[in-house]
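Please keep the model open while reading.

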Amino acid sequence: MTSSSFAKSLVKTFLRAPQTLKTKCQAKQLHAQFLKTQPHSPSSTSILISIYTNFNLLQDSLFLFNSLSCPPLQAWKSIIKCYANSGLFMNSLTCFIQMRGFGVYPDHRMFPYVLKACAFLKNLRLGESIHGCIIRLGLDFDLFTGNALMNMYAKFQSIEVNGRSKVSTFNMFEGMPKGDDLCDRWAEEKGKSVVQLDSVTKIFNMMPERDVVSWNTVIAGNAQNGMYEEALRMVREMGNASMKPDSFTLSSILPIFAEYVDVLKGKEIHGYALRYGFDSDWYIGSSLIDMYANCARIEDSCRVFNLLPQRDDISWNSIIAGCVQNGRFDEGLKLFRQMLMAKVKPREVSFSSIMPACAYLTTLHLGKQLHGYIMRGGFDDNVFIASSLVDMYAKCGNIKAARWIFDHMEHHDMVSWTAIIMGHAMHGHGHDALSLFKQMEMDGVKPNFISFIAVFTACSHAGLTDEAWRYFNSMRKDHGIAPGLEHYAAMADLLGRAGKLEEAYEFISSMHIIPTGSIWSMLLSACRVHKNLELAEKVVKEIFKVDPENVGAYVLMSNIYAAGRRWKDAAKMRIAMKRKGIIKEPACSWIEVKSNVHTFISGDKSHPLYDRIYEALQDLLEQIEREGYIPDTSEVFHDVEEEQKKYLLFSHSERLALAFGIISTPPGTTIRITKNIRVCVDCHTAIKFVSKIVQREIIVRDNSRFHHFKDGKCSCRDYW
């Protein structure tokens, strides 16, 4: 056999079995040999086009396709497929219409790609037209076409139900040849299309043959649109039909158990995944991590994550978000660092997940590093990330940076508005917060449940009682939002701060929902500030009715008795706490210096620099006493000598943190301190004096607000 005849024979063999070609290079070599040895024919050229299409070589496919004066069905099919797989969905649909204009009838293998293009373009009307064409050609009973139809309608169903985007209605047929009524229908139809929620199920029920993809499509469609019971029913039916769920099935139904917080059912699915070897699948692993995290089983989430043989960005983001959502902020930050070290590039959701950890821990230095990473990665124009940055800077004490980011955002959604309003509220800028709320309404953004919490918080910290009542009444009347526990708590706090204790008591007593212990505790705290022992005793009884183990109530009431010098009653409260095994959370303050967080507990002497801290405190005390500071020992609720009371004040955690900040940072540096409970009156006074002496801004965040101390004054104007 000559080399020429051998080459000719080899080309024919490959054309009969094109699937044997494994690389793009082999495909091009075959094309070259074809040109040398074979006469040009539409059928052979169509096979070459399909080979190039399998390797997604669009330009090579088009070159061959355009050489055909009258392309056969296989050539059309290949080029439509190649356009769709390359993401050129408009071209794919245009090519389909051109084919119909030439009178070429499609077969069942073409429609999955055409329907895919309709779904990605969100073009419902064209999708319905294609569906009509499928029915007329009698191809609606084909398995692959049926699966593609269900997938398309499931995507449209999600669009309609979630309201995230509008279905497109553009006309793409102008100038096209009109081979049948498909074009005419599309060009003339102008009415609004409505997605029928049962379209997917109708197609599924009419299919004479179903595979795992069919079941997965209808299950996922129901799950993604909140039809959880229907999705679970379909899973049971799938089992009855002797179809084994695969990894896609499991990843579709695991979020249902996360939503229902049903860890037992979730564990059953986990067990199934282990038995059939799906547990190493990325999507299953990420779904299990999410499910356990939503069920507050973060240890199980971590176990699943650690057992994954490989981790992609989805699994990393799932475990980071799970840790942060469950209050494991340090662990979330540690995992974020590990993700970067593993060379996994963060996505938008990565930053939205980790920012709350920086906000809670008030790690401004790390927050700034993340902000820099976001800017370098080009994520800063993302509205969700920008909103997270606004929230982070506000909670880390830098409200100016938060406002700058907000003002430079191109688009403001409800989350960003609420973040900046709450930020100003926490910093005591009540009028600025209310002004922003009005601007939000003027911009057409409707207030929601959370935005009103921000408004009431702003009013509370600024003492704007009348404005708060006006918004409280407007919330239900003008916006149809029923007050929730958070709104009642904010209003009770506001009335208590303003000294309107009886009005606050009546307000809580008349709530349309049963008040919780935390709401009554707002009033009890106000009773301590305003020294109303009689009302405090009434309030603490209400607290113990609904929450007999409320630690704060025992501590507050003990302090109220001590302030009234009723030492026996104060002791009874302490004894009751011991008997019930209730332990008071120790007062704790922390400060970030040179990227390290230093924690201090009242009276703690364990810090390596304690001697220098004590010396600095002594020096500061002498200086502020010369400026007129007089210790207020009325806030020391212990039956001890006056000098001992002064020492107890002297060793409060926020003072230890402040002294450490002064000796560890250059002069003029802003000092930022976070405290887990309310700053006491005496420390508040002392820090005002210190800010004047050391000529620094001192920002203290306690459990309810920020205090900005500067030049001997505080931003709260002594109203907190």
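At what angle do helix α27 and helix α28 pack, and how far apart are their axes?

## Basis

This is a predicted model: local features need pLDDT of at least 70, side-chain atom pairs count only at pLDDT 80 or more, and totals for chains, interfaces and linings use all residues. Residues are numbered from 1 along each chain as its sequence is written, and side-chain values use heavy atoms, with hydrogens and water left out.

## Helices α27 and α28

Helix α27 (residues 465-479) and helix α28 (residues 485-497) pack at about 160 degrees, and their axes are 11 Å apart. α27 is therefore roughly antiparallel to α28. Their crossing is left-handed. On the α27 side, T465, A468, W469, F472 and M475 make the contact.

Some terms need their cut-offs. Helices (H or I, at least four residues) and strands (E, at least two) are DSSP runs, numbered from the N terminus. Axes are lines fitted to C-alpha atoms, for helices over the stretch in contact, and angles run from 0 to 180 degrees between N-to-C directions. Angles under 35 degrees count as roughly parallel, over 145 as roughly antiparallel, 65 to 115 as roughly perpendicular and the rest as oblique. A crossing is left-handed if the near helix is turned anticlockwise from the far one by less than a right angle, and right-handed if clockwise. Contact means heavy atoms within 4.5 Å. Ala, Val, Leu, Ile, Met, Phe, Trp, Tyr, Cys and Pro count as nonpolar, Asp, Glu, Lys and Arg as charged, and the others, Gly among them, as polar.

α14 and helix α15 (residues 263-275) pack at an angle of about 160 degrees, with axes 9 Å apart. They are therefore roughly antiparallel to each other. The crossing of α14 and α15 is left-handed. L250, I253, L254 and F257 of α14 meet K265, G266, I269, Y272 and A273 of α15. By class, that contact has seven nonpolar, one polar and one charged residues.

The axes of α15 and α16 come within 10 Å and cross at roughly 160 degrees. That makes α15 roughly antiparallel to α16. This crossing, too, is left-handed. V263, G266, K267, H270 and A273 of α15 touch I284, L288, M291 and Y292 of α16. The classes here are six nonpolar, two polar and one charged.

## The second largest pocket

A pocket is an open set of points on a 1 Å grid over the protein atoms alone, with protein on both sides within 12 Å along at least five of seven lines; a cavity is a set where a 1.4 Å probe fits but cannot get out, and lining residues have an atom within 4 Å of a point. Grid points are joined across faces, edges and corners, and a volume is the space filled by probe spheres set on the points.

The second largest pocket has a volume of about 550 Å³. Its lining has 15 residues, and Q224, S251, P255, S287 and D290 lie nearest its centre. α12 (212-224), α14 (247-260) and α16 (282-294) each give two or more residues. α14 supplies the largest share, seven residues. The lining divides into seven nonpolar, six polar and two charged.

## Cavities

There are four cavities of 30 Å³ or more. The largest cavity holds about 90 Å³. L617, L620, L621, I624, F650, R655, L658, A686 and V690 line it. α34 (610-626), α36 (653-664) and α37 (681-694) each supply at least two lining residues. The largest share, four residues, comes from α34. By class, this lining has eight nonpolar, no polar and one charged residues.
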